[in-house]
Amino acid sequence: MRNVTVLAACLFTATVSAAETHGEYIARISDCVACHTTEGGAAMAGGKKFPTPLGDIYSTNITPDKTQGIGSYAYEDFEKAVRQGIAKDGHPLYPAMPYPSYAKLSDEDVQALYRYFMHDVTPSAQPNKENAIPWLLSARWPLHIWNWLFTDAPETAVASAKTDENAVLLKRGAYLVEGPGHCGSCHTPRGVAMNEKAYSNADPEYLSGAMIDGWYAPSLRGTGMSESELKSLLLTGKSKHAAVSGSMAEVVTQSTQYLTDEDATAIAQYLLSLKSTKPEAGRTAATTASWSNSAEAGKVTYNRYCSTCHGLEGKGTDDNAPSLIRNPLVMVDDPTPLYRVIAYGAETPTTRGSVSFKMPAYGGMLSDNEMRDVINYVRKSWGEGNGEVSQQDLAGVKKASH
């Protein structure tokens with residue numbers, strides 16, 4: 001009898017351990033760790049700053065501390081916060097928390113998350129930081145209206161009747177992208193109320209590209225990449241001819257590098273199934289006929305500073321410096337992302353088994369005229385006729401980037 005009891009205890013422990021491991025996995029790929037952990041701070045203790053049009057918002061303490069964290073949350077409270085954006089005391093959360101996407105999380109995943117936060121995360125008494133939003137704009141009640149207008153009711157996962165392996169893989173990829181991955185938070189254009197214009201592939205606006213925090217999150221529809229290239233970008237932040245930097249570099253470092261190979265394949269397959277139904281967000285047609293001599297002057301600067309890594313023909317170097325040909329930062333009409341990379345440098349993600357590639361900052365090395373000229377040369381050469389940037393345009397970009 002004692003042996004049976006011990007065996008039952010071992011099986012129970014193994015089941016709990018597996019559930020907690022699953023919860024940690026979902027927490028990572030959902031960006032819980034990335035958003036609720038500030039540099040040098042305790043895991044999940046909050047305090048990370050997120051600039052918004054209304055002011056700065058700070059992530060909250062979601063450790064199981066009963067005073068500062070969510071230790072007093074019952075499962076029902078937790079589920080409502082995750083899927084509906086409503087805290088235990090009833091106040092609505094700011095949609096910087098991607099609960100419109102988390103509404104698609106399965107019951108199994110939300111339950112695993114709850115067990116993980118309550119049993120595996122170390123409690124922290126770190127107080128929550130006050131959001132830096134002017135008091136006239138800080139009222140929470142309008143968010144109830146926002147939720148009613150722009151979010152969908154939480155979904156209940158239904159088992160698929162399809163047994164085709166490819167269909168199952170696509171369904172899993174759609175779930176990961178639209179739900180825990182909340183890729184649309186960056187890659188989908190937003191409306192006047194800062195709402196995502198779509199939350200699924202049912203709308204062609206979904207994942208069609210958008211500007212966010214001075215970076216361009218490119219369209220994920222009709223990327224022209226292979227499955228292996230997309231998986232490499234997700235897991236390492238680099239592929240043979242492309243690389244990620246800026247906000248996406250952080251996502252790779254803290255989230256997507258932890259994807260299982262099967263889930264990375266599912267995401268890649270789903271993204272490859274999305275067809276481009278319109279020009280990339282932010283792209284406008286342009287002609288090079290009326291260009292000034294700025295681009296030709298920029299060629300000299302490019303050859304001196306940029307060609308060592310990106311090549312005279314802009315093809316980059318395999319598995320290292322990305323190609324500039326049809327590069328999203330070169331193709332987008334807004335020159336801000338390209339300016340930021342040249343002025344402040346860029347760095348690919350640091351991941352397990354992958355060394356980061358750093359591009360130096362040239363802001364203190366190039367004059368404003370040289371900066372404008374090299375931007376114009378790159379855009380004219382590899383941006384398919386993207387428009388010329390004037391000195392006035394550059395001044396506006398510089399001011400917005402500080």
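Visitor: Which residues are linked with E79 in a network of salt bridges?

Guide: R83 and D107 are linked with E79 in that network. Keep in mind that this is a predicted model.

Visitor: How far apart are the closest N and O atoms of D107 and R83?

Guide: They are 2.7 Å apart in that salt bridge. The pair links distant parts of the chain, with D107 in helix α5 and R83 in helix α3, 24 residues apart.

Visitor: And R83, buried or exposed?

Guide: R83 counts as buried, at 7% relative accessibility. D107 is partly exposed, with a relative accessible area of 36%.

Visitor: OK, how many salt bridges does a search of the whole structure find?

Guide: The search finds 14. One of the salt bridges joins the side chains of R326 and E384, at 2.7 Å from N to O. R326 sits in the loop between α13 and α14 and E384 in the loop between α16 and α17, so the pair ties together parts 58 residues apart in sequence. R326 is partly exposed, with a relative accessible area of 48%.

Visitor: What does the side chain of D368 meet in a salt bridge?

Guide: K398, at 3.0 Å from N to O. D368 belongs to helix α16 and K398 to helix α17, and the two are 30 residues apart. D368 counts as partly exposed at 36% relative accessibility, and K398 counts as partly exposed at 23%.

Visitor: Switching to helices. At what angle do α12 and α16 pack?

Guide: About 100°, with their axes 7 Å apart. That makes α12 roughly perpendicular to α16. On the α12 side the contact includes S294, A295, A297 and G298, and among the α16 residues are R372, D373, N376 and Y377.

Visitor: Which residues does D373 touch, not counting those up to four places away in sequence?

Guide: D373 touches S294, A295, A297 and G298. It is in helix α16 and counts as buried, at 9% relative accessibility.

Visitor: Last one: where is R221 found?

Guide: In the loop between β4 and α9. R221 is buried yet has no salt bridge.

Visitor: Which side chain of opposite charge is nearest to R221?

Guide: That's D203, 7.2 Å away. A salt bridge needs the nitrogen and the carboxyl oxygen within 4 Å.

Visitor: So what does the side chain of R221 reach at 2.9 Å?

Guide: The backbone oxygen of Y206.

Notes. Residues are numbered from 1 along each chain as its sequence is written. This is a predicted model: local features need pLDDT of at least 70, side-chain atom pairs count only at pLDDT 80 or more; totals for chains, interfaces and linings use all residues. Side-chain values use heavy atoms; hydrogens and water are left out. Helices (H or I, at least four residues) and strands (E, at least two) are DSSP runs, numbered from the N terminus. Buried means under 20% relative accessible area, exposed over 50%, partly exposed in between (1.4 Å probe, protein chains only). Lys and Arg count as positive and Asp and Glu as negative; His and the chain ends are not counted. A polar contact is a pair of N or O atoms within 3.5 Å; within protein, one must be able to donate a hydrogen and the other to accept it, and residues adjacent in sequence count only if both atoms are side-chain atoms. Axes are lines fitted to C-alpha atoms, for helices over the stretch in contact, and angles run from 0 to 180 degrees between N-to-C directions. Angles under 35 degrees count as roughly parallel, over 145 as roughly antiparallel, 65 to 115 as roughly perpendicular and the rest as oblique. Contact means heavy atoms within 4.5 Å.
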